[in-house]
Amino acid sequence: MKYSIRRQITAIFIGLLVFILGGVLVINTGFLGTYYLSHKSQELMRTYSEVDRIFVEGKLTETSSLNNILIRTEKANVDLVVVDAGGNAVFSTLGTEDPRFKEMTVGLLMGIAGVNVADVIRQSDAYTIYRDDAQGVTGDVEYLKMRGRLSDGSWFIMQSPLASIQESASLANRFLIYLGVIGIIFGGILIWLFSRRITQPVMELARLSQEMANLNFEARYTRNGEDEIGVLGRNFNRMSAQLEKTVSELKRANNRLQKDIEQKEKIEDMRNEFLGNVSHELKTPLALIQGYAEGLKEGVNDDPESREFYCDVIMDEAGKMNMMVKNLLALNQLEFGNDEVQFERFDIVRLVQGVIASCEILVQQAGASIDFIADESLYVWADEFKTEQVVRNYLTNAIHHVENEKRIEVRIIADDGKARISVFNSGKPIPEEDIPKLWDKFYKVDKAHTREYGGNGIGLSIVKAIMESFHQKYGVKNFENGVAFWFELDAKTDGSLPEKGNASLH
């Protein structure tokens, strides 16, 4: 990455090293000389105090005192010459033949004449410390000099060359440059390597945040550690888990809201459809009832037979309206789940036989015959009352539409834990394009024929609602000579029941 933390840390470290090295070089060049002069001045003053004490106490002849002066001046790289009031050399760290001895003696006699005031470093009644870069017999050498009088009246002069400090500063600067370059190279390499320990956890946190941004809350921070990054990683994990929980709750709430909206829209559509269909279905019987009632009131036909016919029509239409309202109420309860399903074990063969027996009069009126093909008993799990409604709807529907040889066949077959009940009636097959619409409320393939026997197109809708509440299959199948409606139930046979056989009703 162009702006990675690893690169930034390395750049900051190298920049810091360069800044420190540059600062040291500037300080070393600009202030080392001043510090050296201050330190050397202190050294000259200490040497002066020691020499003054020895001269005052008269211990110059003692070997130990002499050695102390020689050791001190040699260690401090200081040349010392002391002369008495008559100008005779009393003590010198230099030989009399040394050019520096003569130069220092002459300088002592001349005083500080010609010395720039700016070169004076420290001055008192007893001595003066100053810089002297005048050319002498020893060449162009700069000295730090101290000239004055001792307490016994003797004159002294001390000097120390300043060339060593300049050389030391130059050497120190070169050494610092070499050391700084090596430190920058190796330090940069080390910080580049060690920065991985910081940047890798940060990169993992960056990847984790990217996964969270993509709503993937399964990703977790896996590195351990008690430092700030480790704490941040554990907080990321807790935040991810909390976000996952929150998002899940939001999705569930959104799903429930979506279902509620869909249910509301469905209810609204059903309400509009219901009102439209009911208005359409009630229009004809209400018109007939109103027409025949007005005829009775106005005495269109005064003979008893006509009045009885009018009354029969009114009663028949009122009965149809009453049946339609009952069917609509039952369908409404089924579709909205208000009618609880009571599952129980019962004999489907016995139930179908009872329905066939109750419809015997309708079968005779239609001039039809019923064949019932089933074992002597077959137990199923379902709601017995609702199952009877399904069988009765199928059977009455078959009776009203039976044609040709006027044959109805009811068959119960057990297969692989299922009982299939089918009701076949001979007659005209249902057009294929109408089959998907059969289960819709108020849908009629032959409206005139349905109106003739008092149907209202609700029966098959009730069948659909009941079978969906059972979570079982149902359907219709065309044959060349008729139509068969069927449905399935969970079956369970009992070995203790009588031997199975076929039952047939005509």
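Strand β4 and strand β5 (residues 143-149) run antiparallel and are joined by six bridges; strands here are DSSP runs of E with at least two residues, helices are runs of H or I with at least four, and both are numbered from the N terminus. Two strands count as paired if DSSP finds at least two bridges between them. Within this pair, Tyr 127 sits opposite Gly 148 of β5. This is a predicted model, in which local features need pLDDT of at least 70 and side-chain atom pairs count only at pLDDT 80 or more, while totals for chains, interfaces and linings use all residues. Residues are numbered from 1 along each chain as its sequence is written, and side-chain values use heavy atoms, with hydrogens and water left out.

Strand β4 also has strand β3 (residues 120-123) beside it, antiparallel and joined by three bridges. As for cover, five of the six residues of β4 (residues 127-132) are buried; buried means under 20% relative accessible area, exposed over 50%, and partly exposed in between, with a 1.4 Å probe and protein chains only.

Strand β1 (residues 79-83) is largely enclosed by the rest of the structure, because five of its five residues are buried. Asp 79, Val 81 and Val 83 point one way from the strand, Leu 80 and Val 82 point the other way, and all are buried.

With strand β6 (residues 155-161), β1 forms an antiparallel pair over five bridges, where Asp 79 stands opposite Gln 159. With strand β2 (residues 89-92), β1 also runs antiparallel, this time over three bridges, and Val 83 has Ala 89 of β2 as its bridge partner. The hairpin of β1 and β2 holds five residues between the strands, and Gly 87 there takes a positive phi near 90 degrees.

## The sheet as a whole

Put together, the six strands form an open sheet with antiparallel pairing, in the order β2-β1-β6-β5-β4-β3. The edges belong to β2 and β3, each with a single partner strand, so one side of each is left without a neighbour in the sheet. Neighbouring strands of this sheet are turned against each other by 15 degrees on average, direction ignored; the axes are lines fitted to C-alpha atoms (for helices over the stretch in contact), and angles run from 0 to 180 degrees between N-to-C directions.

Helix α10 (residues 384-401) has 18 residues and reaches 26 Å from its first C-alpha to its last, close to the 26 Å expected at 1.5 Å a residue; the expected span is 1.5 Å times one less than the number of residues. Its buried residues include Val 390, Val 391, Tyr 394, Leu 395 and Ile 399.

Trp 381 belongs to strand β9 (residues 379-382). Trp 381 is partly exposed, at a relative accessible area of 37%. Between Trp 381 and Phe 343 there are 38 residues of sequence separation and 6.1 Å in space, C-alpha to C-alpha.
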